[in-house]
Each structure stands twice: as structure tokens, then as C-alpha cells.
Amino acid sequence: MEIDALSMRFGGLVALDAVSFKAVEGAVTAVIGPNGAGKTTLLNCISGMYRPTSGQVSFDGHNVTGARPERVARFGMARTFQNLALFAGLSVLDNIKVGAYRHGQSGLLEGALRFGRARREEAETDAAAREVLDFLELGDAATMLPAGLSYGQQKQVEFGRALMQRARLILLDEPMAGMSAPEKSRMVGLIRRTRERFGTSFLLVEHDIPVIMELSDHVVVLDFGRKIADAPPREVQADPVVIAAYLGD
Amino acid sequence: MTTLRSSVLRLLCWAIGIGFVLYVPFVLNTRTVFGYRVGNMVLLNLGLAQVDLMLISIIGAVSLNFLTGCAGLISVGHAAFFAVGAMAAAAAGQQLGLPFAATLIAATIAGAIAGVIAGLPSLRVRGLYFVLSTLALHFIVVFCFAEYQYAFHDVAGVTMGDATIMGFELDNNVKWYFFLLPFVVLVCVMLQSTLGLREGRAVLAMRDNELAAAASGIDVRMLRLKVFAFSSAIASLAGALQAYYFTSVSAEIYTLDTAIQFIAMIIVGGMGSIRGGIAGAVVWLLLPSVLVGTTVELKVLPGGVAQFLVGHQPQMVNLTFGVLVAVLLITAPGGLAGLARSFAARGSRQGSGV
Amino acid sequence: MLMQFLASGFMLGSVYGLVALGFAAIYKATRVFNFAQGMLMATGAYLAVTGSVVLGLPLVGTIAFVVVAAGTLGVVIQWLLIRPLAGRPLLAMVMITIALSIILRALIVIIFGGGAQTLRLGLPEGSFVLGSVRISAIHATAAGVSWLCMALFMVFFRFSKAGLLMRATADSHEAAVLSGVNVNRINATAWALGTILAAIGGVFLGQLQVASVELENIGLLALPAVVIGGLQSIPGAIIGGLLVGLIEQLSSGYISPKARDIFVYVPLLIILLVRPWGLFGERELGRV
Amino acid sequence: MPTIRHASRWKALLLSGAVLCLAFNASARAANFESPQDGVYADHIDWGMTADMSGPSSGAQNPWGQGFQDAVKVVNEKGGVGGRKINVLVEDTRYDATAERVAYEKFVSQTPALGTSGMGNSSAQTAMVPLIKRSKLPVVGTYTTAKAAVEPPTPYFYGGFCGFKEMAQTGVGFFTDHLALKQPTVALVHLDVASGKEYAGYMEAAVTARGGTFKAIPIKVVAADATPQVLDILAMKPDFVAIHGVTTTSILVMKAMLQYGINAPAFAISYLGTPTVYDGLGPDAGKNYYFVSCFSPASSDLKVSVALSAAADKFGHSALKDDVNYVAGYVIGNMVADAIGKAGAEPTREKLSAMLNTGYVANTGGLSSELKYTPTDHFGLTALKPLSFDYATKSFKSYGEYADFGKYLQ
């Protein structure tokens, strides 16, 4: 995925100012920065929640700038949300199954009439979703409502839904926020294993610097909507500009 | 062992249930059970005509619950879709002279088209604003129906032809019952089925979290239109059936009150579940009769109170219903279906505890 | 002819505007879209019947009675029905107000009977000519009192402490709670005011014809009025009411009375599609 | 042995007693005919009544229902019909066609009734014509009469209220002659609903038959103001005005006419000749307000309304006795009791409708015009008369006898 001179303005406020970087395929790219640096805005622009004021987002050779979120998802990009975005009325299993929507074809009427294709798709989806649940080690919770799970588990369910999309790139918006230490290490493990097993690329926004250092291959630093660094973790850690941004004023 | 017993039990329950559903119309029609005449209050002061109309309303309530409870689109325009169905049936059956079955199909298609048009505002507005757009839709459709009726039919009403299917005329309540029942079962089974599969699940997901649904690749705008078309097609079908059942319909019967009653049904029954829609329609349409029957039969109350109740019967029924809706809204947001679910859950918890 | 339509539309619209203003006050402060506003208006007419016919009060006494009783009713409604539903979805809020109107209707019919009641408050009758326009005294009084009430409300809303708190709550519920505002009291005040405004409108409509539960249907015109004006805008509600009054008179006069539905609801639909925040409301910025 | 004989004597006594009892029972049964499927029992007869008691037209239909029930109560206090009390089964139909149908079917088989009255919704009547033909439960004395139900006459359906056509002809005829007009110019304000359109048709025919000019001006049921309608009237300068509507619209129109200084008299349809309307109008606007009716309010003819007044006072409905709707209900209640009596000692639905079909004339004691059914006419009421209210004496005033206005009907 390549981002080229992406800018986003809300009225007079410049949230993103000509940000450009590249998320290499198969790698974990992290976006960090102080509060209000425009990290979530960046994710929203990439995934189609916002239409950027200018600039370009290209993914897998397609120009996806300003495309609606469902189209972006159909190109193979999945995302999770900073504050949980699960479907409260659906069971954990169904929450994950929703991720498979883009692989299916059958519509409402076919479902109503239980056409062969609808049933076949459901069987496939069901098998895949249970596989994902096992992968998340949440098999026991399949029929529970999300509200019955711990915060960390809910984050995992959301991650599972993204997995179910079989996306080439997963955008994670603060996946560790509000988690306990053991939950964090589970999440790190999940991301690692996903990457090994499916070759998925990740773009994550995170505050937890040790996790970033441990997990990511590449770090982009934003400050007041501008990119101030774009390098491997070790170099970023030593960059005086970054240190100034975090510690200064 | 327990599973065997419970499966036998379940089979028995089903058999009794089906037997009941098949035998009830004859009981209500002849007022006899196996040859013995039964008193009116034994049958809860209910008649077969009420049950037939209730079946039609179940189709309406269930389709509204699909739209409002499952897809999260609040509509006060459901009476308008009934009107669209009746209008389509009148045009196809009376003006073009198509047979009964064909007019039902025509009404369904007309309903789907009207639904897409009615759903268009959902592409731009949400929540309250959308409710108001359906309100506007209601008045516009009823206006069109009235103009159409005055232009092409009698001012007193549009007379529908006989409901005849393959030479078999639906001319009494028992026949109508057995004609309507499969429709109701089919509509409920179809909606239940689609809710468990790909796009139906997407509908529920869209209701719970629109952004997350979109991020999962669901085109929420298209899906909304589809749901609207689906729901209004079913409502239109019910409207056409109702028109034929009445033998004559007039634009004046499609009031905002009718639409509000449908909403009340799904609130009482329980939002977002097919069973809720059924339960709501049953309670909403049969309870008044039961209430009236009991107040008339009530002879235990002191004279003054009984006389007051009987004298103000219609108002007391309305009052009861208003209070029922308010109490359910405040204490049981899941409606009757939700209450039943939590009751069953408590029962099973206790059962496993022992 | 045109001037006459405009004049009568203006006077009728003033009463609609008053009812719509009550509606907007409730919506702005408590976010409840009150489908019972029409029934509250009819209740106002019956309160006037109670005051003038049953209790035999003079005009001033009746008006005081209507204001006090309607205010109390508003507080009771808020306390009994609205407060328990705080934070619940839109449909629950819409439906509770519909249930409220069913309950009020049943109670009115039980107490007063289903027939209409004549309401004679001793307001000036007769008519006078102003230029080429003939104006009835009762219409003029209704419009005058409506504008007076609207002005009083605006003063209250802009300058009093309760009005300030109400505006603050409308802007941000959380912020108001955090800064220690008693939101419940503010909401109760809003309901009381909204009910009083509707009731005063009902008194005048009851005076123009008779007090009956069917006044509800006229009161429901406040809905499109408020939305056309802009749900968030207090002056918008008044202007919306005026517009609906004018549309009603002009369409009845030049086309047909039935056309009113089309000329009120089609513009409503168009406004919803093009400018959902209404003619005078402010755009609410969406945020993820 | 003697003990045995003793026992057999006891047996014989018991047996003969039982036989006697049975015989007595059988004779009693023969005297008291029963037909439960027709709602006829040894001591009472079930009779249905539907009215809008909580819906939009409850203001007019409630008095009708009270009048009906009061009349039946009086009949019952005098011993009922042929030794049977009439038990009225009341159903509230909220002016809703669905509820009307459900109630009718209820009386057919659920709580079987000998017949039913009321049914004050012409759309419902139109829709139910096939059902009534099929179910054969007589509808005797309706609060309104749909054209579709009586042209041609529907078996088992018998009207019971003044017809729109007759209202139009009587009103137009009377005012044309009364004002000594050659070619009347008439404006009609009517509701823009089905019955209003129907009435407009009759009005137009009646006016054009006299070579006059006619204009129909529609108004909405929920109108808040009648200025546009009255400006239309003002522009037309009619000789007299006709009003079709509900209480509120007629008050709005008359008050606005006063405001614009239109002094032409107005006549309203029967339903609108109520004390509520006159009360709402006040003397200034009310002095020009007339109505045509086939029923007489109690104060318009104190001679004939003695029994009506007594009944109304007795059952706490004194305020209603000047309401034509109450009077109509009272007349129909009496007519129903009379018709059941004339159907014979063993009344059934078939016998009742056979009797009504072959020709029936009710004695209404002058409270209404002649109420009769013939094989070709199930409408029931023919002649009407114009009435108005005198605010000085607080009583209704009629402008002649019913027979005087029969000449206007065609």
C-alpha cells in the first residue's frame, strides 16, 4: 500500500498535511505519534470512512482514494476500531461470520428460499469461522453475546472478524489500548502467528512503544498531521526529532 | 436418555401444536368441540374472522419487524405499503382483469418497487429524519390512492373481484384461514431463514454497527434498499390479501393509526425477532376482544365499578393498551418475546442448578 | 383574495408556530420527538373547558388554571414516562409519546365523554376590516397571544438561568452533567414549557371551533412545521409553523383542501433529502 | 312381603312424579320456543349493535347508541317482546371497517344474535354487502345507508337513517320555495371523503334539476380554519349554502361566514343538527343555520316526544334528547322491538327478514317520517323536514310536517 501526499482538513483544522509513506507487503508498519497527531484520521482516510481533501491512497495497484469503506474492504483491506465495534446483538460466532460477507454471493431472497448456493456458502462460512475461533482460542464462547466477554476477548473477536475477511492488509487502531499485560502478549502472539500463517500485512496505530518495538518492521511518526520520521524501529527510537516531539513542549 | 425423552416431548408438542392450529378454525366456526357446544368465554370471546384478520396482520407485523427490529429502520409508513398492495391488486385485478394469483404477484412486485422508492431517503438521512420521511410517504401514498380511487372506481370503495384459485373460491372464513395460514408460515420461515444466512446476518450487523458493517465489506446503502424492498413487498402482499378478504377497500381505511398499530405490535411482541412480530400481532388484535368479554362477564366486582367498566369499555380497552405499551417499554424493552426468553433462561439455569 | 389568504394563513400559522415551538423546546432539551404534541394541545382545550365550565372561573382564572395544570402535566409526564427511558433507542422514545397520546385520549373521553365541548371564554368576538383584509377578533387575539408567548419563551430561553442551562444541556448532555447541572430538572422544565405552549394553542383552536379529541390531528401539523423550520432551531419552529399555515390556506384557496397534504409533505420530503437540518437549522457535523 | 309392596309403591310414586315433571317440562318447552343459533332463547333475545364509540365519529354515534339502548330498556321494562327481554350486545367499531366486519361475524355465529343495528360506516357497508347476503344475519336499522347496499336492495339489509339524496332534494326544494327563487345559486361545503363526494353528486343533481347554479367546495375533516371555503362562497354569492361535514367543520364554516358578513341561510345534513353545533355557533352564527332531518328533536314537537323525553330523563340522558342522533337511535330501538314482535312468537332470522321483505311499516309515533320497507325499497325513511334552533326559547323549531315535504322527493 502506498500513501502519497495525503491531506485532510476539517474546516480550518489541518489533521493531515501531505503525509506520504509506504506499507511494504508482508510487513508490520506502525504509525505512532502524540495525541492529536492525526493517526486515527489517517486510518479513517485509508479505509474510506473519510474522504481525504487531497492526495492519493493506492492499494495493491488500485487507486482507492475516497472509495467508500465497503469498496476498500472488497479490495482486501480490513480494519479494527479504536473503541470496540462489535455487533452487540449477534453471537460471537456470527460476529466473526460477518467478516466473510465479501466472499459470498447469495442475497436476501436466496437466503429466504434457502437456495443451494446460500446453504453451501453458509456451510463454508461456518467451517471457516469455527477455524478462526479455534485460532483465537475462543471456541467455547461461540454462542455467547460479545457483552459477556472480557474487553481483551472482545478485541480478539474484532480481530477475528478482520481475519475472516481474509484481508491482505489489516489496519489495527490501537489494538492494545485498555488491555492487561497478559492480554497484550496474547494479542502480539496473534498478530505474529497471523502474519506467519497467512502472510498478512499490518498497519497499526499504537501508543505502547515497547509493543511497537517488538512487533513492527517499520515505524512512521506523525506530529500535528505531518510525518516527522519514517524508518525501522531502532532508528526512530534514536531520532532526535521524534524524541523532541514526544518530550518537548 | 434425557435427550431421547426431550426429543419425544418436543415431537409431541409439535404434534399437539399442529393439531391445534388445524382444528381451531372449525371450533371457532361452529363453536363446538367434538360435537359439544362451548360457551363464548371458553373460546375467550374470539371469532374466526378475527383470527383471519390477525393472520394478515401477522404478515404485516413480521415484515415491519424485519425492517425496524432487524434492520433498524423505523418506519411509520407500513399502512402505506398495505395501501400500495391494495391499489396494485385493484389495478391488476379490476382494471386489467388478471386472475387472483396474478394480482397477488403484481401486488408483491409493486410493493418491492414502492419500497425501493420509499427507501431512497435512507441514503441521505438517518434516525428521526428518516422516520419523518416515511411519515411524508404515508400521506403522499394515501393521497394518491384516494385520487386513483375517485378517478377509476366508486367513491365508496374499490370493489375487489372474487378470490378464486383454480376454480376454488375463498368465500368463507374457514377457507380463508387455510389459505392464509401457509402464507404466514412461509413468510415467517423465509424471514427466519434469511436472517441466519449471509445477507440476513449482514442486515443485523448493519443495525448494530453501521461503520463496522461497512468496514466488513457490506454495502449498507444497497442493503438498506434491499431490506426495504423485501419488507414492503411482503407488506404489499398482505395489503392485497386484506383487500380481497374485505371484498372492497377504500383509501380512507389506511390511516396513520394503522401504521402506528403495527409499530405497537412489534414493541409489545419484541423487536428484532420473528416470534416477537407474531406474538405482538396476536396480543394486539385478540386482547381487546378478551378484555371486552371479561369485563362483560365480570360479575364479581361491586355494581358501580362493573357498570363503569362496561359503560366505558372502549376507552378502558384503549387505556389498557396505552399503559401496556408504556409499561413494556419501560420495564421490558425486549417485549413479550424478550420476557419469554429471559423466563426460559432462568428456568434452564434453575434446572441445571438442581 | 391573496391578501386575505396570507392574513388568515399568518394567523393560523401563528398558532401552529406556538405548538411547534413547544415541540421544539421539548426536542431541543430532551431529544424526545413528541408525537403526543397534538394530544397535549387537545388536552389544553379540555383544561380550558374544566376551568371555565366546570370550575366556573373567569377568563384570567381559566388561563392561570390552564398554565398551571399543563405545566404540572408536563412535569408528571417527564417524571413518569420519559425519565425511565433515558438513553434508550429512538423508537422507544417515539413510541412512548404515542402511548402517551393513546392514554390521554382515553382519559379525556372517560372524563368528558366522546362528544365535542363548547368552549366560551369570553374572548372578543366579531371582526374588523384592515385595508382590504377582514380579520376576526378571535383570530387576531390568537395570533397576538401566540406571538406574546413566543416572545416570552425567547426571552426566557435567551436570558434566564434556566434557559441558559437548557441551551447548555441541548449542546452537550455530558458536559452539562459533568458541570453539575441537574439535567432531570432541566428536562422537566422543558416538558412543562412544551406542554404549556401546546395547551395555549389548544385553548385557541378549541375557541375557534370546539374542544374535541380530534384537535389532535391539527396539532400533529406541528411535526412537519418543526422539521421544515429545522429541528434544532427555535426560531425555525415558529417560521415552520407560519409556513405550514400559509401553505394550508393558499393550497386550499387556490387548488383544493386535500392538496394540503401534498403541499406540506412533499416539501417536507424534499427538505429531508436536500437539507435535513431544515431551512433554519444548523448542519450537524458527523464524526466517526 | 309387605315391605316389598311398600317399596314398589314408593317406586310407582317416584316414577309417576318423574313422568309428570317431564311432561310439564315438555309443555313448558313447547310454549317457550328457542333457537340458539339465531340468538333466541326462552327468556331473552340477543340483538347486536355496533357504533363508533371511541373513534372519530363517536361524537355523533355515541348518542345514537344511547338512544337505541334506552328504547330497548323501556321495552324490556314493559316485559319485553313476546315474553322475552331484548339483550343488546354492544360492539365498539371505532369507525373502522375491519372492526365492523369482525363484530358482524361475531353476531353471526359467535354470540349469535337475531339481528344487528347501527353499522354507521358506509365504506364498511359497501364492503360487507356480499358477506351480509351470505351470512343471512339481518342488519335492521343502520345509522347511515350506503348506496351500494340499497340500490338494488340487499336481502337482510334494512336502512334506518335519512338518505343523502333525500336530504339534498328536501333542502334545495324547501329553500328555493321559501326564498321564492326561480333558479337557485347554491354553494356546498363538503368533506373531501367518499360520503362528501356522494352528497355533492346529489346536491348537484337537485340544483340543476331546478335550473340553478351549483358549486361544491371541499374541506378537510381536520380543518383548523374555513377561510378559503368561505372566500369561495363570498365570490359566488349564493342564495343559500349547504353543509356536509362534522361538528367542527360546520362550526368553522358558519363562524367564518358570519365574520365575512355572508347572510345567506345554510342547511346542513341531518347528523349536524345537534345541540353541540348550535351551542358552539352561538346565536349570531346559529340564526342562519338550518338542517334537514327525518327525525325530530324532542323540543321540536312536544306532543310526540313525551315517551322519548321520559326515557331520556329516566336513563340520565336528558341532555341528549334534542340530539337528532339520539332520537334516531331511540326510534330504531323501538322499531327493532316492534319488528321482532311482528316476526311472530317464534322469531328466527329468516322469519324476521321475510316479514321485513314483504312489507313493513313502523309506528314511530311521529318522531320520524314514515319508516317502511317494501320488497323494492330497503331504505326505510322517506320524507324529511327542515328544522332550526330558536336560541330565545332554547328549543328546536320545525318548518312543517314531514308530509309537506314529500313533494320535493323524486
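**A strand of chain D and the cysteines**

Analyst: In this predicted model, strand β6 (residues 185–191) of chain D, helix α7 (residues 194–209) of chain D and strand β7 (residues 213–219) of chain D make a right-handed β-α-β unit. Within that unit, β6(D) and β7(D) pair in the parallel sense, with seven bridges between them, and one of the contacts can be named: D:His190 has D:Pro218 of β7(D) as its bridge partner. β6(D) also runs parallel to strand β8 (residues 240–243) of chain D, to which four bridges join it, and here D:Val186 finds its bridge partner in D:Phe240 of β8(D).

The side chains of this strand can be read against a general rule. In a regular strand, side chains alternate between the two faces of the sheet. From β6(D), D:Thr185, D:Ala187, D:Val189 and D:Leu191 point one way, whereas D:Val186, D:Leu188 and D:His190 point the other way, and all are buried. The strand as a whole is accordingly described as mostly covered, with seven of its seven residues buried.

Turning to the cysteines, the structure holds one disulfide over all chains. This disulfide is formed by D:Cys162 and D:Cys294, whose sulfur atoms are 1.9 Å apart. The torsion about the S-S bond of D:Cys162 and D:Cys294 is about -90 degrees, and the disulfide is therefore left-handed. Because D:Cys162 lies in the loop between β5 (157–158) and α6 (164–178) of chain D, while D:Cys294 lies in the loop between β10 (289–293) and α11 (306–314) of chain D, the pair ties together parts that are 132 residues apart in sequence. Both partners count as buried, D:Cys162 because its relative accessibility is 4% and D:Cys294 because its relative accessibility is 0%.

Methods:
Residues are numbered from 1 along each chain as its sequence is written. Chains are lettered from A and ligands numbered from 1 in the order in which they are written. This is a predicted model: local features need pLDDT of at least 70, side-chain atom pairs count only at pLDDT 80 or more; totals for chains, interfaces and linings use all residues. Side-chain values use heavy atoms; hydrogens and water are left out. Buried means under 20% relative accessible area, exposed over 50%, partly exposed in between (1.4 Å probe, protein chains only). Helices (H or I, at least four residues) and strands (E, at least two) are DSSP runs, numbered from the N terminus. Two strands pair if DSSP finds at least two bridges between them. A crossover is right-handed if, with the strands pointing away from the viewer, the path from the first strand over the helix to the second runs clockwise. A disulfide is a pair of cysteine sulfur atoms within 2.5 Å.
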